[in-house]
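Subject: The model we talked about

Hi there,

Here is the structure I promised to hand over. Have a look at it first, and then read on for what turned up.

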Amino acid sequence: MIRLPAPRRWFAAAATAILLAAQPAQAQSILRDAETEALLRDMSAPLVTAAGLRPADVQFALINDDSINAFVAGGQIVYIHSGLIQAADNANEVQGVIAHELGHIADGHVITSEQGTKPAMGIYLLSMVLGLAAMAAGGGEAGAGILAAGHQAAMGKYLSFSRVQEATADASAVRYLDTAGITGKGMLSFFKKLQQQEYRYGMKNMDPFMQSHPLSGTRVATLSADVQASRAYDKPADAALQERFRRVKAKLDGYLMPPPQALQKYPDSDQSLYAHYARAYAYHRAGYPEKADAEAEALVAAKPEDPYFQEIMGQILLEAGKPRLALAPLKRATEGTRSDPLIATTYGHALIATEDARNYDEAKRVLRTAVQRDDENPFAWFQLGTVYELTGDEARAALASAERASMTGDHRTAVDRARFAMAGLPKNSADWIRAQDIAMTSQNDVDKNRKKKR
């Protein structure tokens with residue numbers, strides 16, 4: 001089921017105000033959903049390989065933002081806005097976007113971005129010195145003009161660099177799609193969709209030299225010949241991926257749209273699986289547990305072995321205060337996804353919520369597996385700490401708290417909890433060494449922050 005956790009650790013924003021307009025959006029909340037993340041991994045795997053990267057190293061993060069955007073910002077993480085998924089007509093369009101972002105990663109654009117910011121900053125600083133000097137000499141208007149011109153020149157310098165990177169990523173994307181045997185029709189159709197948006201919002205006469213990306217019409221014209229020359233151009237899109245994409249899109253509609261809007265888009269007369277999926281989320285969010293449960297039951301009745309349908313049934317029951325009834329579907333969901341860490345965390349939560357001590361050992365086993373496979377889930381660490389505390393293992397409860405505090409940037413708490421854990425754990429055991437690592441790295445962060453405040 002879709003979850004909206006605390007913001008994940010990720011990237012630093014641009015260093016200077018002059019270039020902020022050209023930088024990616026600031027960190028926003030990430031949506032975690034096992035089904036969506038599995039789809040993004042599977043649909044991108046051939047492209048990742050074609051880019052010379054390892055699928056195990058590339059991660060995908062879904063941002064809760066209704067704008068149509070995707071970006072990379074360091075490392076090998078592709079950030080995709082939920083609005084892009086909702087705007088895409090098919091999975092192949094999203095694959096085209098992913099191929100473009102992989103081009104940024106494989107071509108090292110984040111690492112080389114300093115090559116664009118340094119010259120622009122040099123122009124800006126020089127214009128500032130000259131402008132302020134002119135103002136000091138009594139030439140107020142001349143100084144202001146120099147500052148404005150410098151600002152314009154610096155921005156133009158950076159944007160020119162950015163457009164070159166974007167065009168390079170487009171070319172790489174076409175190559176990856178061809179190598180992976182995936183048609184580029186979706187890439188072209190998505191750019192055409194963006195072009196229509198430019199026209200709709202009165203951007204037809206935009207200055208192409210003051211944009212961070214080439215205009216969509218230019219991108220279509222530039223790429224069309226190469227895309228159409230690809231051996232995979234007329235290859236049919238993957239029908240199984242498209243079916244999974246339609247499910248994810250309906251799920252996002254039900255979760256992110258205002259419930260009345262979602263229910264209008266998916267009325268009760270629509271008895272498709274997609275509509276049941278969207279309504280299950282919409283009714284659940286709107287506070288109609290019985291209706292949400294009925295929609296989940298319809299999904300399970302249609303596909304009893306589908307782990308994601310079992311997951312939503314269990315989640316609805318759990319959040320309706322019925323953890324015992326939630327155990328069976330959540331266990332099936334966990335087993336059906338081979339212990340996906342997000343689903344396993346929900347199952348562990350339900351086991352704890354029964355307040356039955358007989359379920360605690362199972363909860364520990366499930367949650368330990370979950371954090372081993374995904375150690376950046378603060379909710380999983382919280383649940384693991386809870387069950388350790390309930391079973392009297394205070395040292396490991398403190399270690400779980402230290403992990404969670406370190407992840408969320410609460411370094412003082414991380415140091416305190418890690419040291420407490422070390423005092424109660426066998427020296428030089430794996431858990432003791434991990435507690436020591438957290439204590440040392442978090443103490444370094446505390447010391448750095450203390451120095452900055454002086």
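K193 counts as buried, because its relative accessibility of 18% falls under the 20% cut-off. Please keep in mind that this is a predicted model. The side chain of K193 meets that of D89 in a salt bridge, with N and O 3.1 Å apart. K193 belongs to helix α7 (residues 185-200), while D89 sits in the loop between α2 (82-87) and α3 (91-106), so this pair ties together parts that are 104 residues apart in sequence.

Two others are worth a look.

One of them joins the side chains of R244 and D42, at 3.0 Å from N to O. Here the partners come from two helices, R244 from α9 (residues 239-256) and D42 from α1 (residues 34-50), so the bridge ties together parts 202 residues apart in sequence. R244 counts as partly exposed, at 28% relative accessibility, and D42 is also partly exposed, at 41%.

The other is between R231 and D178, whose closest N and O atoms are 3.4 Å apart. R231 is in the loop between α8 (216-229) and α9, and D178 is in helix α6 (residues 140-180); the two are 53 residues apart and link distant parts of the chain. R231 is exposed, with a relative accessible area of 72%, whereas D178 is partly exposed at 23%. There is also a network: D33, E35, R247, K251 and D306 are joined by salt bridges that share partners.

Now to the sheet. Four strands make up an open sheet with mixed pairing, in the order β1-β2-β4-β3. β1 (30-31) and β3 are the edge strands, each with a single partner, so one side of each is left without a neighbour in the sheet. Going through the pairs in that order:

- β1 and β2 are antiparallel, paired over 2 bridges, and I30 stands opposite I63 in β2.
- β2 (residues 59-63) and β4 run parallel and are joined by 5 bridges; the bridge partner of A61 in β4 is Y79.
- β3 (residues 70-72) and β4 run antiparallel, with 3 bridges between them, and V72 stands opposite V78 in β4.

β3 and β4 also form a hairpin with 4 residues between them, and in its turn G74 has a positive phi of about 110°.

How many of the residues of β4 are buried? In strand β4 (residues 77-81), 5 of the 5 residues are buried, so the strand is largely enclosed by the rest of the structure. I77, Y79 and H81 point one way from β4, V78 and I80 point the other way, and all of them are buried.

Which helices lie across these strands? α1 lies across β1, β2 and β4, running at about 135° to β2. α3 lies across β2, β3 and β4, and runs at about 20° to β3.

L102 counts as buried, at 0% relative accessibility. Leaving aside residues up to four places away in sequence, L102 touches L47, V48, L53, V58, V78 and Y176. V78 is one of the β4 residues mentioned above. L102 and V48 are 54 residues apart in sequence, yet their C-alpha atoms are 7.0 Å apart in space.

Last, a helix pair further along the chain. Two packed helices are described by the angle between their axes and the distance between the axes. For α13 (residues 307-319) and α15 (residues 341-353), the axes come within 11 Å and cross at roughly 35°. The crossing of α13 past α15 is left-handed. On the α13 side the contact involves Y308, E311, Q315 and L318, which meet I343, T346, H349, A350 and A353 in α15. By type, the residues of this contact divide into 5 nonpolar, 3 polar and 1 charged.

Happy to talk any of this through once you have had a look.

Best wishes

Conventions: Residues numbered from 1 in each chain as written. Predicted model: local features only at pLDDT ≥ 70, side-chain atom pairs only at ≥ 80, totals over all residues. Heavy atoms only, no water. Axes fitted to C-alpha atoms, helices over the stretch in contact; angles between N-to-C directions. Left-handed = near helix turned anticlockwise from the far one by under 90°. Contact = heavy atoms within 4.5 Å. Nonpolar A, V, L, I, M, F, W, Y, C, P; charged D, E, K, R; others polar. Salt bridge = Lys/Arg side-chain N within 4 Å of Asp/Glu carboxyl O. Buried < 20%, exposed > 50% of the residue type's maximum accessible area, 1.4 Å probe, protein only. Pairing = 2+ DSSP bridges.
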